[in-house]
Amino acid sequence: MPTANHQSRKPKIAIYRRVSTARQAEEGISLDVQLQACLDEADRMYGRGLYDYRDFCDDGYSGSLGLRSQDARKTAHRPALSDMMQAVAEGEIDAVFVYRLDRLFRSVPLAAHLLNDYFHKYQVGLVSVQERIDTTAAAGRALLYVMAVMAQFFLDIMSENIAAALRRVRSQGRFLGVTPYGWRRPTEEEKQRGVTASLVRNDEQGRWVVQMKDWYLAGWGIRRIAQALHDAGVPSPEGQEWWTFGSIRDTILNPVHAGLNRVGDGKLVPGDWWDQR
C-alpha cells in the first residue's frame with residue numbers, strides 16, 4: 001500500500017474517470033475536470049512528478065455497468081473499468097483515484113464486488129477527491145474495510161428481501177423465471193380478453209413434451225430421446241440443433257406440466273395456470 005512517504009519506488013496510481021451523458025459534462029464533471037482534479041490530489045499526496053499514473057476512461061458508460069468478467073456475453077460492461085481492475089489484480093496498481101465514488105460504482109452489488117474482491121483483497125488504495133476519502137493512510141484503510149463490510153451487508157439484506165418477495169409471489173401461483181418448454185407468456189391481446197394466468201400452453205412445444213414423456217415411460221434413455229428429437233428436427237429450448245441431457249431431464253421432470261409452481265425449499269403449490277390442464 002503506497003503512502004506519501006513511500007521512498008523505495010514511485011507509486012503506481014490509476015485514475016478512473018467516467019461520464020454517461022453530455023449533461024454530466026455540462027454540470028461540471030467533465031472528463032477533463034475529473035482528470036485534473038485527480039492529478040492535483042496526487043500532486044498533493046506524492047509530489048509533482050513523483051508518481052506514475054495510468055488513465056482509464058469510460059466515456060458514455062453508465063455507472064450501473066460492471067466488469068467484463070461479470071458479463072458472459074462480453075457486451076454489457078465498462079471496458080476501461082474492466083481493464084483497470086485486471087491491472088489491480090495483477091499487482092500493477094497501488095492506488096486508484098476517482099473524482100467521486102459514483103464515478104466508480106452506482107449500485108450496492110457492484111460496490112461490494114469492487115471493494116471486497118479488489119481493493120480490500122489486493123490491498124489497493126482508493127482515493128475519492130470530492131468525498132475526501134483516502135485509504136492509502138491507516139485510518140482510510142480502516143474506512144475501506146468498513147465500506148466493504150457495509151456494502152456486503154446491504155447487498156445481503158437486499159438479496160434476502162428480493163428472495164422473500166419472490167417466494168411470496170410464487171406462493172400465490174405466479175410463475176417467475178425463464179418460461180419452461182411447452183409454455184409461453186400470454187400476449188397483450190390475450191390479457192385484454194381476460195387471460196390472467198402467468199403461463200399459457202405452447203401447443204407445438206407441448207406436443208413434444210408429451211412425446212418425450214411417453215418415450216421416457218416406455219424405457220427410452222436420454223441419448224435415444226435426444227437422437228429422436230434431432231431426427232425430427234425439433235430445436236432445443238435454447239434453439240440448438242441438439243438437445244442436452246439437462247434440457248431433456250428438466251423438460252420431462254418440470255412440475256409446471258402438472259400445474260405446480262416451485263416456491264422454494266422443495267415446496268410446490270398450484271400454479272395460476274392450473275385450470276388449463
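The largest pocket has a volume of about 330 Å³. This is a predicted model, where local features need pLDDT of at least 70, side-chain atom pairs count only at pLDDT 80 or more, and totals for chains, interfaces and linings use all residues. Residues are numbered from 1 along each chain as its sequence is written, and side-chain values use heavy atoms, with hydrogens and water left out.

A pocket here is an open set of points on a 1 Å grid where a 1.4 Å probe fits, with protein on both sides within 12 Å along at least five of seven lines; lining residues have an atom within 4 Å of a point. Volume is the space filled by probe spheres set on the points.

What lines the largest pocket? It has 16 lining residues, and Pro180, Tyr181, Pro237, Asp250 and Thr251 lie nearest the centre. Helix H9, residues 245–253, gives the most, with five residues. Helices are DSSP runs (H or I, at least four residues), and strands are too (E, at least two).

Stay with H9. Its axis and that of helix H7 (residues 203–217) come within 9 Å and cross at roughly 95°. Axes are lines fitted to C-alpha atoms, over the stretch in contact, and angles run from 0 to 180 degrees between N-to-C directions. H7 and H9 are therefore roughly perpendicular (65 to 115 degrees). Val209, Met212, Lys213 and Tyr216 of H7 meet Ile248, Thr251 and Ile252 of H9 in this contact, meaning heavy atoms within 4.5 Å.

Last, helix H3, residues 79–89. Its buried residues (under 20% relative accessible area, 1.4 Å probe, protein chains only) include Leu81, Met84 and Val88. Gly91 follows H3, with a positive phi near 75°.

Note on methods:
Buried < 20%, exposed > 50% of the residue type's maximum accessible area, 1.4 Å probe, protein only. Parallel < 35°, antiparallel > 145°, perpendicular 65-115°, else oblique.
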